[in-house]
Amino acid sequence: TMALRHKNTRRIEGLDSNVWVEFTKVAADPSIVNLGQGLPDISPPSYVKEELAKAAAVDRLNQYTRGFGHPSLVKALSQVYERVCGRKIDPLTDILVTVGAYGSLFSTIQALIEEGDEVIIIEPFYDCYEPMVKMAGAKPVFIPLRYKNDGNTASSADWVLDPAELANKFNSKTKAIILNTPHNPIGKVFTREELQVIADLCIKHDTLCISDEVYEWLVYKGNKHVKIATLPGMWERTITIGSAGKTYSVTGWKLGWSIGPQNLIKHLQVVHQNTLYTCPTPLQEALSQAFWIDYKRMDDPDCYFYSLSRELESKRDRMAQLLQEAGLKPVIPDGGYFMIVDVSTLNVDLSDVDEKQPYDYKFVKWMIRSKKLSAIPLSAFCGPETKRQFEKYIRFCFIKKDSTLDAAEGILKNWNKQTA
Amino acid sequence: RTHFLSLSLQAKMSRPVQARRLEGTDKNIWVEFVKLAATYSKVNLGQGFPDFPPPDFLKESFVRALSGENYMLHQYTRAFGHPPLVKILAQFFGKLLGRDLDPMTNVMVTVGAYQALFCCFQALVDKGDEVIIIEPFFDCYEPMVKMAGGTPVFVPLRLKAPKDGKLMSSADWQLDPAELASKFSERTKAIVLNSPNNPLGKVFSREELELIADLCVKHDVLCISDEVYEWLVYDGKEHIRIASLRGMWDRTVTIGSAGKTFSATGWKVGWTVGPNRLLQHLRTVHQNSVYHCATIAQEAVAQGFQRELELYGKPDSYFVQLPKELQQKRDWLVQSLDAVGMKPIIPEGTYFLVADISKFKSDVPDVPDSDEPYDSRFAKWMVKNKGLAAIPLSAFYSGAHKNSYNHFIRFCFAKEEATLKAANDILQKWEREKTSP
C-alpha cells in the first residue's frame, strides 16, 4: 500500500517529461556551442544591473512587497502599455506580476480553464502550453501553421493558418485560444489581418484569448507587432502576457506580467495569492526603474526596446547566412530570436539509432555528439498528430554573443569534414 | 444580436468565466490587513516580516553575484534549483537529518516556502483526499488544499490554563491525542505540520511529534512539514525535525525558507527536502507552473549557507545570533503587553506573539449577530484609532471555528528596538486613556 499511497495526483499524470530537462542536461558541457535553449549569452544592459544593485541596498526592498505586483513596477507597466495600447490601464486591477511569463501562463490557465473546456493551441507551440492545459483538466485542440510558398527563401510569414480549418476548431466548448506572437519557434509575426480572423472567431464563439507576447519588442524591419487586445471587441476577452527576461535579456530574473480587464485579472490574482503570493521585491524595483528609463525614451531610437531588436536583426542575418552556406534552407524569422531549419536535406542517416524518438530528436543528439553544436528538435513543440510533419526541423537560438556565433560558423563551415 | 446566439453559446456565456477550483479561495486576510496597515499604522506589528535588514554578509553576497564577471547569473539556472544552492542545502540538511542527501533528487528550490506548499498540495492531494490541518494555522493551507480538490479536516490546539500567576506559554496549547487520532480516516492523504507554529509560536516537543508520527505511520499518511521558523527557537528549546523520526523520512516533505532564515522575505527563495519518490512529483508540478526560480538570489543564499555551515554552532553564526536578538525583542514585547494588561502567550519560537486583549474590550463594543469575528473588528479599530497594526487570531482559523478564540491578536516582534519602543508608547498611552475618567 505504501507505493500506491505515494503516487502522483491525477492532474500531473503524464506531465513529468520535458524537452528542456532532457536537452539542457545534454548541452551543459561547455565544449558544446549551445544554440539550443532560449537564453542570451550577451550581457543585459548595464543600467539594468545597476538598478538591481541600488534596489538591494535599500533595506525595506529586501522584504515582502504588494502581492499582485510591486507598486512602482505595476505603475511603470501601466504607463508603457497605455502608450502602446492607446487605452487606460489600471495598475492595481488590470495587471498581475508573475514569476516569468511562464507564471502568467500558469495563473491564466488555472484561473480560467477547467475540465470540460477545450483550448486551441497553434502548432508548433511553446511546449508548456499543452501540459498546462492538461493540468487544468482541459483538452488541447491543435491546429498547425502550414507552409505556403514556392519561393527560394523561406520566411516565417510563409507559415499561415488556414481560416476554414481554424474556424472548424471552434465550438461551444472552446474556452480559449492561445496565441503567441512573435511566435516561438518559427518567428512569425501575425499580421493585423491574421489577428482579425482569430478575433472574429473569438467574438463569435465568446472565446477568451491568451496572448503570449514575450517577444513583442523583437520584430525586424518591415514588420509591426500588433496586440490582439487592441482589436475591437478583444480587450474584454484577452490576457496579454509579457516578460522581463525577454525584454531586458534577464531570463534569470523570472518576472513576467499579465495585462487585461479587471474581471479576468481578478481571477488570476486569486490563483497568484494561493500559489506563491508575491514575487521578489528587489528584482521588481530594479525592473520598474529600467522601465522608467526606457519609457522616457520611447520616441528615441536608443530605447532598449528598439536597440536590442536592431542588434538581433544583424545576428539573425548572420545566422541565416551561415546556415545557407552550409547548404541549408533556414526559415528567416520576422521576429523573436529563434530560427528553424529543415535538416533533412543533409541526408544524415540515423536509421541505425535504436531509440523510438522522432528524427529531429535523434538528429540533435547526433549533432551535439559529433559536431558539438546544440539546437532543439521542433517536434518538441508539436501535438501528437503533427510530429511527423515537423520532425525534419530543428530550432536555433541566435541571441548569442559574436564569439558564440563565430564558433557556430566554424562548425557549420566544416560540416562535411569527418569528425574525429 | 444576442437572440441569434445558439443555446449552447448562451449557456456558455451565462456560466462564470473563472474555473471552479477557485471556489472558496478568493478571500484573503492579508490583502485587507496589509492595506489597512499601509493606510493607518504608525507602528506595524502585523504582517510577518522584519523591519531590520538582512545580515551584511548576505547583502554582500547578492551584490557580488550581480556585479561579478559572470553576467550569466542574470539568465536561467537549473530549474529545480541552482546547483551551488541545492548542493549546500543537501550538505546542510543532510547533516541535520543524519542522512546522505542527493542535491539533484532530494532537494528542490521554490519561490518561497509558499510555492513549496503549493507544489506539495498539487502533487500529492487529489479530489476526495482529506488533509489534516492543525488550528490555528498559517492561513494559506486551507485554500491550497481546496484548490487541489482536497477536503481540509481541522483539529485544534487547545489552550490549557496555565498555573496560577504564570503567564501563558505557547506550550500550553496542545493537541488532544484521542481527538487527533479520530481525525485520521482511510481518506486521509496528509497532515500539515507547522513547527515552530505560526501564529502561536509553539515548538512541538519530541513526544508531540512522535504522537503525530505514529499516526502517520499507522495510517500511511504523508506529512507536509512547514519548518520555516526552524532557527527561531528560544529559551534553549530544540527544534526537532519530524523527518528524522522513525518511519518518517519516506513520507515527509520538509519545507524551509531563506526569507525567514536570513531575514530577507522579499527574496522569495524557499526549498523542499524529502525522498525522491515524493520530490519527483513536486518537480513535475514545478516544471509546469513556474519552472525556474530567479538565479541571483539563489546564488547569494548559497553563499549565505556556506558561511553558516562553516560557523555552525559557533557564537558568530547568524543562526545563533538571530534567535538571541529575537528572544530579547520577544521579552520586551511580553513586558510591554503585560504591563498594560494585554495577556501575552509567551512563544517558544517564531517571531510572533499572540496576546489576549480581553481587558481592552470596552473600547470595541460587541456587535451581536455580526459576521465578522470580534478580534478582527478589534484589530481594525486598533490600527485606525491607535495606529498599531496586528492580525486577529481568527484569521488563522477555518470559517466554522473563527469564534473559537476570538479575543486574541497576533503581533510580529521581528522589529527594530525603536519600533518596539514606539509600540510600547502607544500601549502605555492607550492604557492611561482607558483608566482615566
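Modeller: Two strands are said to pair when DSSP finds at least two bridges between them, and strands themselves are DSSP runs of E of at least two residues, as helices are runs of H or I of at least four, each numbered from the N terminus. The model is predicted, so local features are reported at pLDDT of at least 70 and side-chain atom pairs at pLDDT 80 or more, while totals for chains, interfaces and linings use all residues, and side-chain values rest on heavy atoms without hydrogens or water. Residues are numbered from 1 along each chain as its sequence is written, with chains lettered from A and ligands numbered from 1 in the order in which they are written.

Biologist: How do you know that β2(A) and strand β11 of chain A pair?

Modeller: Strand β2 of chain A covers residues 95-98 and β11 of chain A covers residues 256-259.

Biologist: Why is A:Lys254 called buried?

Modeller: A residue is buried under 20% relative accessible area, exposed over 50% and partly exposed in between, with a 1.4 Å probe and protein chains only. A:Lys254 has 6% relative accessibility, which is under 20%, and therefore it is classed as buried. This lysine sits in the loop between α9 (244-247) and β11 of chain A, and its phi is near 50°, a positive value in a residue other than glycine.

Biologist: What is the phi of B:Tyr291, and why is B:Tyr291 called buried?

Modeller: Phi of B:Tyr291 is about 75°, which is positive although the residue is not a glycine. Its relative accessible area is 4%, again under the 20% limit, so B:Tyr291 is buried. B:Tyr291 belongs to the loop between α10 (276-287) and α11 (295-310) of chain B.

Biologist: Where is B:Glu208 placed, and why is B:Glu208 called buried?

Modeller: B:Glu208 is part of helix α8 (residues 206-219) of chain B. With a relative accessible area of 18%, B:Glu208 falls under 20% and is therefore buried. Leaving aside residues up to four places away in sequence, B:Glu208 touches B:Trp173, B:Gln174, B:Lys202 and B:Val203, where a contact means heavy atoms within 4.5 Å.

Biologist: Which strands of chain B stand at the edges, and why?

Modeller: The order of the open sheet of five strands in chain B is β6-β12-β13-β16-β15, with mixed pairing. The edges are formed by β6 (168-169) and β15 (391-392) of chain B, because each has a single partner strand and one side of each is left without a neighbour in the sheet. Further in, β13 (residues 352-356) and β16 (residues 408-412) of chain B run antiparallel and are joined by five bridges, with B:Phe352 opposite B:Cys412 in β16(B).

Biologist: How many helices and strands does the secondary structure of chain A come to, and why is chain A called as compact as a globular protein of that length?

Modeller: Chain A has 15 helices and 16 strands. The radius of gyration of chain A, taken over C-alpha atoms, is 21 Å, close to the 22 Å that the globule rule (2.2 Å times the number of residues to the power 0.38) gives for 420 residues, so chain A is as compact as a globular protein of that length.

Biologist: How many helices and strands are there in chain B, and what radius of gyration does chain B have?

Modeller: Chain B holds 14 helices and 16 strands. Its radius of gyration is 23 Å, which agrees with the value near 22 Å that a compact globule of 437 residues would have. Buried residues account for 63% of chain B and for 65% of chain A.
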